[in-house]
Amino acid sequence: MDDAYVQPGDESKSVAFRGAMTPSAETISQLSERQNFKSWVQETGAVGLADIQSLVITLGGYDEKNEASVTGAELVDKHCEPALRGTLFESPGGGGGSPIPNVRFDLDKPVVSPKAFAKKEYKLKKGEQQTFVIETTTKNQACEFRVLFHVRVGTKTTTVTADDAGRPFKVTSRLPYEQYQVLYVGGIYCSGPLPYYRQDPKLFAVGRQCSKAGVTEGQTTP
């Protein structure tokens, strides 16, 4: 495996936390830059939203003589629990930013077949690469997992495991706004000089009316 990383879909910066997260105004202002946002996600343990977040995984050719064929993928080390409902940061883009997935996994199913590519095989010669875009869906769960690729090289079959820099991939379903303790919105919902503005979850759920009354500084709780 050459590379694996998490790509927010739909040009979105939408993540959730288990507990209450109220960053300072200075921290929020820095999240406009995508690299700052990515670093903040890694440092805080933010979890991307299923149905929006994409996993982008690149595999390369393995063998000097034989062509490699990626024949399927499945989820391993999967663990799910109720969806996160502490804090939601939602900043949807204008659409059109998500790549077309090679495969979509339904995390609510107990078992996902390794025949993930609908009988299609992806062939790789030495030095060649193939990028796979994987999307997930779940109605009410937060899940972590790794992706196991099935690879055939000559007459031998092997597997390659992809994860997020040694950690499992993580996603959570997006719940109705009123079910979160803390809510921040931005993007097309609440545009302005700051990337996010704190909202009252119950009020925003009624009409999605953006309030820019200010950003409350606070602390993070687990």
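Colleague: Which residue of β13 is the bridge partner of Phe 89?

Modeller: This is a predicted model, in which local features need pLDDT of at least 70 and side-chain atom pairs count only at pLDDT 80 or more, while totals for chains, interfaces and linings use all residues. Residues are numbered from 1 along each chain as its sequence is written, and side-chain values use heavy atoms, without hydrogens and water. Strand β6 runs parallel to strand β13 (residues 182-185), and 4 bridges join them; two strands pair if DSSP finds at least two bridges between them. Within β13, the bridge partner of Phe 89 is Tyr 184.

Colleague: In β6, which residue is the bridge partner of Ala 16?

Modeller: Helices (H or I, at least four residues) and strands (E, at least two) are DSSP runs numbered from the N terminus. Strands β2 and β6 pair in the antiparallel sense over 3 bridges. In β6, Ala 16 has as its bridge partner Leu 88.

Colleague: What kind of aromatic pair do Phe 17 and Phe 89 form?

Modeller: Rings of Phe, Tyr and Trp (its six-membered ring) pair if their centres lie within 6.5 Å; planes under 30 degrees apart count as stacked, over 60 as edge-to-face and the rest as tilted. The structure holds 11 such aromatic pairs. For Phe 17 and Phe 89, the centres are 5.9 Å apart and the angle between the planes is 70 degrees, so by the cut-offs the pair is edge-to-face.

Colleague: How many residues apart in sequence are the parts that the pair of Phe 17 and Phe 89 ties together?

Modeller: Phe 17 counts as buried at 6% relative accessibility. Phe 17 lies in strand β2 and Phe 89 in strand β6, so their pair ties together parts whose separation in sequence is 72 residues.

Colleague: Which elements do the buried residues of α2 pack against?

Modeller: In helix α2 (residues 34-44), the buried residues are Phe 37, Trp 40 and Val 41. They cover an arc of only 100 degrees around the axis, taken from the directions from the helix axis to the C-beta atoms, which puts them on the same side of α2. An α-helix has 3.6 residues a turn, so residues three or four places apart point the same way. The buried residues of α2 pack against β2 (15-17), α1 (25-30) and β6 (87-90).

Colleague: Which residues form one aromatic cluster with Phe 17?

Modeller: Phe 37 and Trp 40 are among the buried residues of α2, and Tyr 184 is the partner of Phe 89 in β13. With Phe 17, one cluster is formed by Phe 37, Trp 40, Phe 89, Tyr 184 and Tyr 196.

Colleague: With which side chain does that of Thr 58 make a polar contact?

Modeller: Thr 58 lies in strand β4 and counts as buried at 10% relative accessibility. A polar contact is a pair of N or O atoms within 3.5 Å; within protein, one must be able to donate a hydrogen and the other to accept it, and residues adjacent in sequence count only if both atoms are side-chain atoms. At 3.1 Å, the side chain of Thr 58 contacts that of Thr 131.

Colleague: Where does Arg 208, with its positive phi, lie?

Modeller: The phi of Arg 208 is near 55 degrees, a positive value in a residue other than glycine. Arg 208 is partly exposed, with a relative accessible area of 42%. Its place is the segment after α3 (201-207).

How values were computed: Buried means under 20% relative accessible area, exposed over 50%, partly exposed in between (1.4 Å probe, protein chains only). Contact means heavy atoms within 4.5 Å.
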